[in-house]
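Trainee: I am new to this structure. Please take me through it by question and answer.

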Amino acid sequence: ERFCIQNSPLLLFLLVLLLFISNCFASSQNDDVDEQVRVRVRVGLVLDLGSVEGKIVRSSVSMALSDFYAIHNDYKTRVSLSVRNSHGEPLLTLASAVDLLQTEGVEAIIGGNSLLEAKLLGELGEKARVPMISLDSPISCSLSKYSHLIQATHDSASEAKGITSFINGFDWNSVALVYEDHDDWKDSMQLLVDHFHENNVRIKSKIGFTVSSSEESMMDRLRKLNALGTTVFVVHLSKVMATYLFPCAEKLGMMGEGFAWILTTKSMNSFLESIDDFAKETMEGVVGFKSYIPMSKELHNFTLRWRKSLHVEEVIGTEITRLSISGIWAHDIAWALASAAEVIRMPNVTSTLLEAITESKFKGLSGDFQLDDRKLLSDKFEIVNMIGSGERRIGFWNFNGSFSNRRHLSSTHNNLETIIWPGGSTQSPKGSSQKQSDRKKLRVLVTSSNRFPRLVNVTTDPVTHDITNVDGFCIEVFNASIAPFNYEVEYIRWRNGSNYDNLAYVLNSQKDKYDAAVGDITITWNRSTYVDFTLPFTEMGLGIVALKERSIIVWLIERHENPEFQGSWSQQIGVMLWFGFSTLVYAHRERLKHNLSRFVVTVWIFAVLILVTSYTATLTSMMTVQQIRFNSNKNYVGHLSGSQIAKAALANSSMQTMRSLGLNTSEDYAGALLNKTVSLIVSELPYLKVVFRDYPTDFLMVKKQYTTNGFGFMFQKGSELVHNVSREISQLRTSERLNEMERKWFDKPSPFPTDDTSNPITLDRFRGLFMITGVSFAFALAVLFILWLREKWEILVNSVNIFLSRRLRHFRILFTRTIHPSPLDNTIGENAIQMAQRNRR
């Protein structure tokens, strides 16, 4: 008692310590029991752990699960993460996901922030019936078919409306679109492009850059945009590409007063504070759309704890100081997974994990969490203005189609804050304008062999060798396609013959001298490695042409030696016609002696032959194409001299054993066929149209092969005119102007077999054939009747005479009785006369 009184503080401390130890021991026992009854739910996490974004998402998901179970400690389930490193490779992402399913038995996977990765995980999710959750992958129609794929991203449709409204608000009617030439960026850009077209915002030019694009290439293409008078740019690039683009634009003076640069949401969401200060300074005056995350106390506290949780080496190595949009979405997805895992293991619950996730609703760090058609869409955007090394918020864009300068998106404050444009001006740029005097000269190489003048014909001065005139079908199409873009075209003669592969290489390697090349240039894959082609403006493919055959050979050969082909002229003609037609059906074994029967059978066989072949879908070819029989070891096949296309086609066909002969002009084509130098000609369809125009009745198209892409115009790689000229070619085709040009230069009916599949074969289509057959049969009957009359004429005349004499005698008796009646004319007398006549007989 004395001890307790004198040492009461010490005793109190001992009691508290004893109580704490007992509670800890009891708590540890309870935790051991709880761990035994809790259900472990494995979730896969496939990320590029070497990237800043991958590190942010991993730490955010881990912290989110810790926070969730700290609040819901009584839950019977625990989500356990199994992490795999994809190294940013789609195939490794797929392999990691398969490994997680097979070895870990995960019930869901988070990963796949690119379009290809999302597709691969979507396919895997369909097979395994496991939810796949993709962060910040682009919205694409190709992903909508995956019922087990969940996407957390921004609403591209709402963004497209916002950027279009922003552009229209400043009365800009045209923009240049600068994008990253990668599937993810091109696919996510399509909604924006479509919305521009629907709202009369003309895309003046589009240029795509790749990660491998050099600074010189960027400078060159930006310089061309600047020469066009373009002042408004919409940029759809990753952070890496943007850090290269804007310094180049700065060097060219395109980040000064009078220019406007707008960054898309995907670009802005990829920007973290790790961008170097120099790149930020060059972006001063840029306006960007950004997914809006409402600030809250929970987000602020989570961000502070998240920063403290990062390893020192991560902070120093990557300068991570701000939680990304994907990191915030990942936090909310982790909460939805943990909640859904608990729900599906409740008694009397039959929902799957996917259904439970899609039905989750709660207040998350990104705002109200609710999936719509398996998508967590951020449809509110903040608009920021890049100033100095930071950002300044100038307003908001809401999905309902309104701007606001207040956080609550009130409709009564529909104006944006003052924008500081490039160059430090508050005066908004006026947009692009180009006067007639500012027309840019387009330096165009033109093929000048003049082998087919109707296609391309170049006239030069005999002294200076300068071009004085350029015309032809290809030139007229090009002039019509380039006319809307206010260019002064300078044609430069290509002097190196018909090697157009070399032409493509020269256009690529001498960008400072030439902008485009036009003429009879076929679109090929190897040329496309050096240049960009427009849409084809001619018919695609190769054609095989042969001479029309007109001769009766069998009769001429057999007439002098075969007795069956001799006789009178009428007999010989009959044998000739009969043999010619009967051999088609091998019906000439029985010998018909009468010419008339041969005529009838010939007409009938001809009619039957046409009917049978028509209903076997060969009538068209039977009526338009004659069979060509040749000895492949002795015959030549012609082609355009120097044409690699025709040579490749011959090498890969059944005619590869034939000897080939190079020809240069349409006259060469016709002459070689007419004098039998070649059996047939293989060439591209535009050249053959010229031949048929000049020789409309001598040749026939035997076959068409769609093995080439037709003629197109060549431009330098990435030229903004490729898209524009292609659009004009499409418009020319739609408006029938292209057909009018073809009729002008190839002014004859098409020799090509027509496709009759759209017109069903009916009896009415064969009325001419039936009329010929009927008339032939009637004629044969008439001839037969005349011959019969000749043979029976005397018998017929005698029979008629006897008949007429008897009738005349009978008439005479009746006439006499009528004039001189007799007493015997009564009934008794008549009977007596009849009896007397019988007795006399």
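This is a predicted model: local features need pLDDT of at least 70, side-chain atom pairs count only at pLDDT 80 or more; totals for chains, interfaces and linings use all residues.

Trainee: At what angle do α4 and α5 pack?
Mentor: Two packed helices are described by the angle between their axes and the distance between the axes. Axes are lines fitted to C-alpha atoms, for helices over the stretch in contact, and angles run from 0 to 180 degrees between N-to-C directions. The axes of α4 (residues 90-104) and α5 are 9 Å apart, and the angle is about 25 degrees.

Trainee: Why is α4 called roughly parallel to α5?
Mentor: Angles under 35 degrees count as roughly parallel, over 145 as roughly antiparallel, 65 to 115 as roughly perpendicular and the rest as oblique. The angle of α4 and α5 is about 25 degrees, so α4 is roughly parallel to α5.

Trainee: Which strands does α5 lie across?
Mentor: Helix α5 covers residues 115-128 and runs at about 170 degrees to β4. The strands it lies across are β3 (108-111), β4 (132-135) and β5 (149-154).

Trainee: In what order do the six strands of the open sheet stand?
Mentor: Two strands pair if DSSP finds at least two bridges between them. The pairing in this sheet is parallel, and the order is β2-β1-β3-β4-β5-β13.

Trainee: Why is one side of β2 and of β13 left without a neighbour in the sheet?
Mentor: β2 (77-85) and β13 (375-378) each have a single partner strand, so both stand at the edges.

Trainee: What is the bridge partner of Val43 in β2?
Mentor: Strand β1 (residues 39-47) pairs with β2 over nine bridges in the parallel sense. The bridge partner of Val43 is Leu81.

Trainee: How far apart are the axes of α16 and α26?
Mentor: Helix α16 (residues 473-482) and helix α26 (residues 721-734) pack at about 110 degrees, and are therefore roughly perpendicular. Their axes are 8 Å apart.

Key. Residues are numbered from 1 along each chain as its sequence is written. Side-chain values use heavy atoms; hydrogens and water are left out. Helices (H or I, at least four residues) and strands (E, at least two) are DSSP runs, numbered from the N terminus. Contact means heavy atoms within 4.5 Å.
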